[in-house]
Amino acid sequence: MPAVSKGDGMRGLAVFISDIRNCKSKEAEVKRINKELANIRSKFKGDKALDGYSKKKYVCKLLFIFLLGHDIDFGHMEAVNLLSSNKYTEKQIGYLFISVLVNSNSDLIRLINNGLKNDLNSRNPTFMNLALHCIANVGSREMAEAFASQIPSILVAGDTMDSVKQSAALCLLRLNRTCPDLVPMGEWTARVVHLLNDQHLGVVTSATSLITTLAQKSPEDFKTSIALAVARLSRIVTSASIDLQDYTYYFVAAPWLSVKLLRLLQCYTPPEDAALRSRLTECLETILNKAQEPPKSKKVQHSNAKNAVLFEAIALIIHYDSEPTLLVRACNQLGQFLQHRETNLRYLALESMCTLASSEFSHEAVKTHIDTVINALKTERDVSVRQRAVDLLYAMCDRSNSKQIVAEMLSYLENADYSIREEIVLKVAILAEKYAVDYTWYVDTILNLIRMAGDYVSEEVWYRVIQIVINRDDVQGYAAKTVFEALQAPACHENLVKVGGYILGEFGNLIAGDSRSSPLVQFDLLHSKFHLCSVPTRALLLSAYIKFINLFPEVKATIQEVLRSDSQLRNADVELQQRAIEYLRLSCIASTDILATVLEEMPPFPERESSILAKLKRKKGPGNVPDIDDARWNVNGNGNAEQSESAEGTNKFSPSLMADLLPTNRPRPASSSPTMLSAGTMGSAHPFTDLLNLNSSPSAGASLLVDVLSDSSTPASADVSEENFSRFVCKNNGVIFENQLLQIGLKSEYRQNLGRIYVFFGNKTSAQFLSFSSSVTSSDTLKTQLNVHTKPVDPTVEGGAQLQQILNIECLSDFTDAPVLDIQFRYGGALQNIAVKLPVMLNKFFQPTEMASQDFFQRWKQLGVPQQEVQTIFKAKHPMDTDVTNAKILGFGVALLDGVDPSPANFVGAGVIHTKNTQVGCLLRLEPNTQALMYRLTLRTSRESVSQRLCDLLSDQF
Amino acid sequence: MIRFLLLFSRQGKLRLQRWFTAISEREKKKIIRDMTTMVLARQPRSCNFLHWKDLKVIYKRYASLYFCLAIDNQENELIALEVIQRYVELLDKYFGNVCELDIIFNFEKAYFILDEFLIGGEIQETSKQMVNRAIEASDMLQETMEEYMSKPAF
């Protein structure tokens with residue numbers, strides 16, 4: 001029996017509850033309940049009118065039965081009767097039943113509304129409160145229609161009691177949430193704001209909730225609340241702990257109200273008024289300071305309340321994202337919490353840091369905690385804390401730490417809780433793609449994902465790796481080799497078979513030259529997995545087989561044999577059967593050409609948002625995916641990933657330049673598949689690895705060259721693309737383009753306004769390139785600025801041979817665009833089309849000018865018109881090495897002037913740009929700041945366009 | 001805002017439910033099931049917070065009873081935890097050393113106390129004294145059995 005029974009205990013109810021508790025089995029309980037329900041139903045339906053007490057008792061029993069988890073489909077009418085009673089106890093129970101078991105029965109709603117109306121108009125505060133609570137808790141549209149206009153006046157009426165005001169505020173809030181269209185804004189809104197000044201803190205608390213919600217919807221109307229909220233907050237924060245009497249909670253002054261005021265302020269940008277702003281900053285500082293004070297109580301409630309306010313203050317600081325000092329302080333505070341003994345605080349610190357990581361002011365500060373976060377991932381006992389650690393690692397990931405973070409997530413994945421594996425897989429896949437400088441790393445990472453958590457690798461993830469491999473020809477050979485090796489494992493995940501089947505079907509030819517991965521070996525390997533796979537995978541493998549027939553005529557017979565078997569041709573699955581029959585017929589009747597056309601290599605995928613990111617957003621809800629720069633997402637990952645690196649910090653590239661920098665990402669013509677007719681020696685060592693060594697023509701001005709081959713910073717990978725364009729700014733020789741078939745090397749010489757480029761085309765295959773042609777195209781503007789003469793080339797390039805073409809260039813006037821080299825040839829019947837942006841830049845036409853310090857400064861002053869100077873400040877992307885910088889400035893074409901700049905750390909250069917029409921003198925100054933890892937580059941020339949172009953070109957080099 | 005409050009026992013028996021948004025009965029049952037399994041599966045000394053769909057779930061165990069709140073994503077977890085604590089204190093003050101049985105046998109009182117404290121998913125009154133005063137006042141209004149029986153119903 002209950003320990004207390006105040007007021008009028010309902011004996012019948014207590015007996016019934018005891019009965020239920022004494023039931024030995026579920027069946028007995030159900031039986032007892034059914035008996036009771038029958039009893040109540042008969043009482044309600046009986047002829048004899050029930051007295052109020054019985055009604056109340058039975059309604060209570062129904063409520064109890066409902067709480068036990070049973071459906072209640074009657075008694076509403078009796079509850080409405082109770083609600084309309086003038087006995088408080090009956091009314092209370094009636095309201096309770098309605099608010100717990102509300103039912104949108106329209107007849108009933110009218111009756112309920114009638115009761116509510118009477119109580120709202122009763123001027124009895126207790127009854128009014130009951131009605132307001134009911135409206136606030138139910139909040140149905142019908143109630144909003146009936147009362148939305150009445151409640152504001154109750155709220156702002158001068159004679160309304162405080163407790164009714166509180167209920168009215170929250171009631172209005174609820175109606176505004178459910179039916180904002182029915183709550184009219186009006187004269188009352190201004191008066192609501194002034195409730196923030198109310199003496200009664202309970203009224204202020206309720207009003208703050210209401211104003212916050214209204215301000216989110218129409219911020220302008222409630223702007224005046226900022227000043228009042230700051231004033232109120234300031235008074236609370238600076239009050240002694242006893243000032244607020246019962247609103248002090250475990251020695252913390254009005255924590256709920258503080259949190260709500262801080263939330264209200266998050267609806268707005270920082271206050272414009274300086275005094276207000278500094279008062280608010282003071283408040284936030286005080287809150288941060290209090291976190292460092294010794295606790296006033298050992299009770300957890302004290303620290304919870306105090307830290308609740310602290311976290312809300314940090315949320316406001318992050319929201320403003322404008323005060324670097326506060327942001328860094330917030331970050332340090334959270335850093336302390338990362339190692340706190342309270343699990344709750346560690347959890348919240350991780351969560352809060354996630355948002356902090358996206359602020360430019362605090363991103364670096366957050367990154368310093370990486371080891372602690374990784375440690376949390378490894379040692380936290382609580383899965384939800386580990387999950388927050390994963391989120392934070394994802395949020396703090398950038399180019400500098402991506403390899404470490406991806407590696408840690410991968411290793412965590414092996415022991416991760418099942419509930420969060422898929423999410424980790426998505427995150428790893430996204431980070432690996434986003435920060436892949438080297439796409440072999442990306443391919444390795446995804447294959448590792450499949451190996452370790454194949455079951456959690458959703459379609460989006462493996463689709464994506466295929467999209468990327470298809471769109472990036474520099475990684476295709478590596479991908480083919482890697483999946484081939486991965487498939488060697490005796491038990492590999494079906495997702496791996498899918499990726500393997502697809503990639504070998506497209507690019508198996510790239511590794512077929514090695515006898516260990518000859519076409520037959522590849523086929524046998526794939527087919528050994530066939531019988532263990534599900535129908536969709538088998539279907540995919542069948543498509544890979546027919547692609548093999550096209551790629552490798554020598555395995556045609558073997559594959560036809562497989563297709564012809566009963567298990568394929570008569571497969572019970574209609575899709576498999578159809579594929580087997582169609583593919584078999586296709587391979588028998590189609591000519592090689594037709595086969596090559598039908599089964600050509602997949603064209604590149606169009607650029608679009610990563611399907612993986614979309615999936616993560618779906619999974620976590622749009623607001624929960626930490627900020628990812630969507631603009632960086634596109635399938636032609638090469639350009640973007642590297643672009644974001646090269647543009648990081650400076651963002652110097654104009655959009656058109658960005659687009660121009662992606663020569664290999666042009667959509668390829670439909671027939672770009674290299675059809676392998678004889679795949680004999682493919683994949684074995686290429687006959688040449690060094691184009692330049694084959695050519696002995698001396699290069700003029702060789703002393704200025706920075707040879708590409710001695711440049712240790714150049715990765716040996718086949719990653720050749722627009723990035724090479726910018727590498728040619730400070731040097732004249734090197735490899736400008738390379739794919740599986742072709743390598744293009746350049747040697748260039750320039751003198752005055754003239755230049756000559758030797759282009760070397762290396763055929764990397766053993767087969768001939770036919771109908772080879774190479775021409776230079778320029779935009780219309782560029783044609784008036786730059787003359788390029790090409791000499792025609794031999795239309796045939798033998799396998800393994802090299803072809804030379806000479807381009808003569810004349811600079812007419814200064815220019816920003818670059819000419820494009822278009823190459824076309826047929827390889828194995830398929831037409832290849834390649835476009836490479838030629839590294840002919842304005843600075844190539846520099847003649848260095850030596851001058852003394854005095855002359856330099858005199859000219860510097862002469863070029864003092866603002867338009868003549870262009871200056872940029874940018875982050876160093878490479879180690880700040882003086883010798884390298886010297887070499888780059890020399891390579892840029894200017895003379896390096898020693899002893900001119902008062903600071904020996906700075907670099908000063910001078911030169912003249914020669915064009916046919918004019919000569920442009922140019923002075924430059926580069927000031928490194930080794931502490932901040934930044935540079936400042938200043939260029940002064942007599943022409944604005946020249947200054948700008950040279951600045952753009954050079955600032956990208958450091 | 002607070003989306004819902006659930007009280008359930010260690011055995012997963014629901015003792016109290018308050019929903020502050022319109023949800024179908026079917027959906028409610030599903031949520032109740034999710035919440036009880038999720039919260040009851042938590043190891044001791046874990047943190048008190050969970051992410052669930054787009055909500056934050058805050059729970060705390062008091063003796064045999066779990067109190068479980070779901071709040072919007074941008075809400076403050078720690079202050080929500082103290083909402084639970086404050087409610088428990090209010091129950092304790094009213095019943096005197098409150099136990100699960102008190103809430104079972106006087107569930108309607110537990111609701112009345114809750115309604116003085118939280119309405120429409122927001123905290124109405126944070127002062128313990130004020131809430132207690134309101135509850136006492138409402139108890140005072142309750143007629144004695146004799147008065148009750150002799151008072152006309154309408």
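Guide: Lys290(A) has its place in helix α15 (residues 274–292) of chain A. Helices (H or I, at least four residues) and strands (E, at least two) are DSSP runs, numbered from the N terminus. This is a predicted model, in which local features need pLDDT of at least 70 and side-chain atom pairs count only at pLDDT 80 or more, while totals for chains, interfaces and linings use all residues. Residues are numbered from 1 along each chain as its sequence is written, chains are lettered from A and ligands numbered from 1 in the order in which they are written, and side-chain values use heavy atoms, with hydrogens and water left out.

Visitor: Is Lys290(A) buried, exposed or partly exposed, and why?

Guide: Buried means under 20% relative accessible area, exposed over 50%, and partly exposed in between (1.4 Å probe, protein chains only). Lys290(A) is partly exposed because its relative accessible area is 27%.

Visitor: Which residues is Lys290(A) in contact with, leaving aside its neighbours within four places in sequence?

Guide: Contact means heavy atoms within 4.5 Å. With those neighbours set aside, Lys290(A) is in contact with Val237(A) and Lys306(A). Val237(A) stands 53 residues from Lys290(A) along the chain, and their C-alpha atoms are separated by 9.6 Å.

Visitor: How do helices α20 and α21 of chain A pack?

Guide: Axes are lines fitted to C-alpha atoms, for helices over the stretch in contact, and angles run from 0 to 180 degrees between N-to-C directions. Helix α20 (residues 370–379) and helix α21 (residues 383–396) of chain A pack at about 145°, with axes 8 Å apart. Among the residues making the contact are Ile370(A) and Leu377(A) of α20(A), and Arg386(A) and Met396(A) of α21(A).

Visitor: How many disulfides does the structure hold?

Guide: A disulfide is a covalent bond between the sulfur atoms of two cysteines. Here the criterion is a pair of cysteine sulfur atoms within 2.5 Å, and the structure holds 0 disulfides over all chains. As for individual cysteines, Cys23(A) counts as partly exposed at 22% relative accessibility, whereas Cys922(A) counts as buried at 2%.
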